[in-house]
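Hi,

Here is the structure I promised to pass on.

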Amino acid sequence: MTNEVCIEMRNLSKTFHISEKGFSFKDKILDLVSNRHKMTVKALDNVNLQIHKGEFLGIIGRNGSGKSTLLKIILGAVDPDRGSYIKTRGKIVRLALGNGFDLNLSARDNIYLNGAIFGLSFKEIGEKFHEILHFAELERFVNTPVKFYSSGMRSRLSFAIALHVDADIYLIDEFFADVGDEIFKEKSQKAFENKILKGKTIVHVSHSMDTIKDHCDKVLVLDKGKGTFFNDVFQAIEMYESKFDLRDTTRISS
Amino acid sequence: MKSLLGKLYLRGFVSNTRIERIWKIAQVDFKKRYYNDKFGLLWALINPLSQIALYYFVFTRIFQRGQDNFVLFLFSGLIIWLAFSQATLLGMKVLVNKIHLIESVQFNWLDLYMSHMISILLGLLFNIAAYLILLFILGVNLGGYVYLFPVVLLTWFFITAGASIILGIIRPIFEDIAHIWSLLLMVGFWVSGIFFSGDFYLSNYNWFAYANPFIGLLLNTRACLLEGNTFYPGFFMVNLIYGFVLYIIAILLFKKYSKKVLEQL
């Protein structure tokens, strides 16, 4: 970890105007020129955050609390509201299992497509191709369209590709939730720690308190778009669980 | 053919990952459109050829048109129009279909449209190759302006890319545009000089020939691809201006509104 700030946001808010569409042609025309059918949803409300290079930030919150919106804003896929400040430094990728797969294509095509999307050259992909297939344990199905894969096979392929992506900031969205059987989970955890964790800045959205406790340096708890930032991971989990009364339903290893 | 196209990439020219990414997405789109199916690339031929056969029959047997090389005349116009039609209809869905890529990594989203256009161009080039084979079989010569074809195609590229980008921005916020555009394409199909020579408009509706860029585009395409047709520099210049202006407007609109549009997806 260094003093170099990798992600900084101040007073970051995001409001969505969701259209409640009318059915008639007249409604559709009026929708275009006015806000009369639009519902306002504040997805993020004045979030403040500062992450240094090499830090591992965990984001926790219930469904609809604004976690995915925050990742999209960090990635630059969504603009925040006016008056918000956000600055990021370095190449950012978002890893989510199955994200970026074209189900009609084979593993071979998907490896090349995903590799190219994530900024690897064809030469680099070619060099890593067999390693990716071997890690995913899918050598026999290299030319099979991904739509015929089980969800576990897709997850393994997705994880194996992600391991070979090089970036400065990784946005990880529930990546370990369904990564495969226990043996693969253990193998992928190890590879994750060896290949991605070292020196990289990571923002990890997870519902698993085990993952948050094992890896994170800092935690942002989101509740209906409002963020509370913690330097102490255990304090964050304590607050989150007591607030939503999750002590009995969340798996916590001691 | 399949493996050749599968491996085809600009090995010698490509040194940066952005160009490789554009090419890979284009290649995958093209592959998905054609040779994932049983008949593969044949569909790229069957579709225009069957349309040409149908129209040829209707116009020569039923309406008794006696024009020389009418089948080639029809073919040259139809492939250019069909490529435009396909590019704009599929172009409306580029952002929708590629949302998973947009939400995975930072890159210039206009690259998706570049890939889209390259993929459409690959299909068009395939049809042009089929046209050239037919030309050879029938013993007919290319037009005297064939050397100008790349620049004529460039005007087609800018007009088509510009229209695709603009439609791609409009569709997520106004889905009815898909139906409106299909109607406009149907009208365009019958009035742009695919079945008759666009020079008909020169004496009767000159303004319309300049208002509809495809009239000049098809006239000049035939001047390049089929002997005995005249090249119109005026139409070429107007189309070049149309193409550049439309493309620049499309890029400006895309930069201003693409993120807002994505919020609707």
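**Around A:Lys218**

A:Lys218 sits in strand β8 of chain A, residues 218-223 (strands are DSSP E runs of at least two residues, helices H or I runs of at least four, numbered from the N terminus). A:Lys218 counts as buried because its relative accessibility is 11% (buried is under 20% relative accessible area, with a 1.4 Å probe and protein chains only).

A word on conventions: this is a predicted model, with local features needing pLDDT of at least 70 and side-chain atom pairs pLDDT 80 or more, while totals for chains, interfaces and linings use all residues. Residues are numbered from 1 along each chain, chains are lettered from A in the order written, and side-chain values use heavy atoms, without hydrogens and water.

**Where the chains meet**

The contact involves 35 residues from chain A and 27 residues from chain B. Together the two chains bury about 2800 Å², 58% of it on carbon and sulfur atoms (accessible area lost on being put together, 1.4 Å probe, summed over both).

There are 6 salt bridges across the interface (a side-chain nitrogen of Lys or Arg within 4 Å of a carboxyl oxygen of Asp or Glu). One salt bridge joins the side chains of A:Lys72 and B:Glu103, at 3.3 Å from N to O. On the side of chain A that touches chain B, α3(A) gives the most, with 5 residues.

Cheers

Terms used
Contact = heavy atoms within 4.5 Å. Buried < 20%, exposed > 50% of the residue type's maximum accessible area, 1.4 Å probe, protein only.
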